[in-house]
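Student: I have a new structure open and would like to go through it. Can we take it piece by piece?

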Amino acid sequence: MMLFADDTKIFSEVRNVDDQQEIQRDINEMCDWSKKWLLKYHPGKCKHMRFGPKNNPEIINYYIDDHKIEVTDEEKDLGVTIDENLKFSVHIANKSNQANKIMGLIRRCFTYRDDNTFSQLFESLVRPHLGYANTVWHPSTVKDKNIIENVQRRATKLIASCKGLEYEERLKKLKLPCLLYRKLRGDMIEVYKMCNNHYDEDINPPISKVKDIHNRDTKGGKHNLTKSQARTKLRSLSFRNRVVPFWNELTNKVKEAPSINSFENRLDKFWENFNIKFDFNKCLDFERQRTDPSYVGSGPRNIELNNELDLEIQAL
């Protein structure tokens with residue numbers, strides 16, 4: 001059972017009818033508790049969603065008192081639309097449409113749009129809709145990644161000084177990174193925070209560090225992470241698995257940054273070698289290669305960085 005503000009969630013793994021009946025007993029106990037404290041649940045606002053393969057036991061109905069709980073295949077929770085397949089395509093479509101509507105308002109309300117004005121409007125009014133909680137929802141298909149990127153691609157065409165320029169050149173002129181780069185960068189920042197105890201350990205997703213047989217950090221990659229076993233593509237794209245190859249590829253000087261701001265600067269400097277900040281297609285290939293199950297990763301010792309770049313990273 002999980003509580004957040006006035007939202008309550010109960011969940012359990014269901015393998016047979018006995019498990020389903022156990023959930024109904026939990027619901028009954030939850031309702032008894034709410035009545036005791038005069039905080040009754042609204043049956044009409046309660047939903048039942050099922051995740052996983054559909055070859056398990058047939059869906060049975062759950063009840064709050066005598067009210068049947070509605071079955072749904074998608075539900076908005078804390079601003080993120082979650083679907084029964086956990087692919088977040090519905091959320092991506094909704095947020096992209098919302099961002100495009102806001103860009104339409106900006107186009108109609110601001111007749112003068114220079115580089116600086118556009119950048120401020122886009123970063124403050126549009127981009128937050130595409131980046132909110134993006135470590136939770138992850139586009140699993142190229143189609144969904146393009147839907148998100150197309151919002152910024154179309155928006156940058158509204159500036160007179162950028163007309164006729166390719167998307168990459170428009171981003172460089174406006175100093176706006178592609179949205180996929182921002183998502184990958186955001187994942188790395190979250191990993192840095194988790195590895196450096198910026199969050200409560202009780203709510204952190206389990207991130208496992210590589211250990212040797214003597215339970216000591218391994219040499220050459222003492223901050224490296226290890227993946228959990230994944231039998232499906234969906235599981236392999238979960239946060240704790242998808243970040244591993246990106247994080248392990250960073251040098252120790254990047255991982256050992258003394259602060260979040262320093263880490264961000266060092267990460268940007270390190271990724272300059274790959275030319276992915278403004279080039280969406282290169283960024284897409286960069287991500288695809290590292291999320292491939294057969295990708296081993298070059299590791300920090302095998303990435304050739306000249307002494308000058310190494311010193312620049314350390315100085316940030």
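Student: Where is the place of Asp268?

Tutor: Asp268 sits in helix H11, residues 260-271. Helices are DSSP runs of H or I with at least four residues, strands are runs of E with at least two, and both are numbered from the N terminus. This is a predicted model, where local features need pLDDT of at least 70, side-chain atom pairs count only at pLDDT 80 or more, and totals for chains, interfaces and linings use all residues. Residues are numbered from 1 along each chain as its sequence is written, and side-chain values use heavy atoms, with hydrogens and water left out.

Student: Is Asp268 buried or exposed?

Tutor: Asp268 counts as buried because its relative accessible area is 18%. Buried means under 20%, exposed over 50%, and partly exposed in between, with a 1.4 Å probe and protein chains only.

Student: Which residues is Asp268 in contact with, leaving aside neighbours within four places in sequence?

Tutor: Tyr181 and Arg185. Contact means heavy atoms within 4.5 Å. The side chains of Asp268 and Tyr181 are also joined by a polar contact of 2.7 Å. That term means a pair of N or O atoms within 3.5 Å; within protein, one must be able to donate a hydrogen and the other to accept it, and residues adjacent in sequence count only if both atoms are side-chain atoms.

Student: New topic. How many helices and strands are there?

Tutor: The protein has 14 helices and 10 strands.

Student: And what percentage of the residues is buried?

Tutor: Of 316 residues, 39% count as buried.

Student: What about contacts between residues at least 6 apart in sequence?

Tutor: Of those, 61% join residues at least 24 apart.

Student: Now the strands. How do S7 and S8 pair?

Tutor: S7 (residues 74-77) and S8 (residues 80-83) pair in the antiparallel sense over four bridges. Two strands pair if DSSP finds at least two bridges between them.

Student: Which residue in S8 is opposite Lys76?

Tutor: Thr81.

Student: What do S7 and S8 form?

Tutor: A hairpin, with two residues between the strands. Leu78, in the turn, has a positive phi of about 55°.
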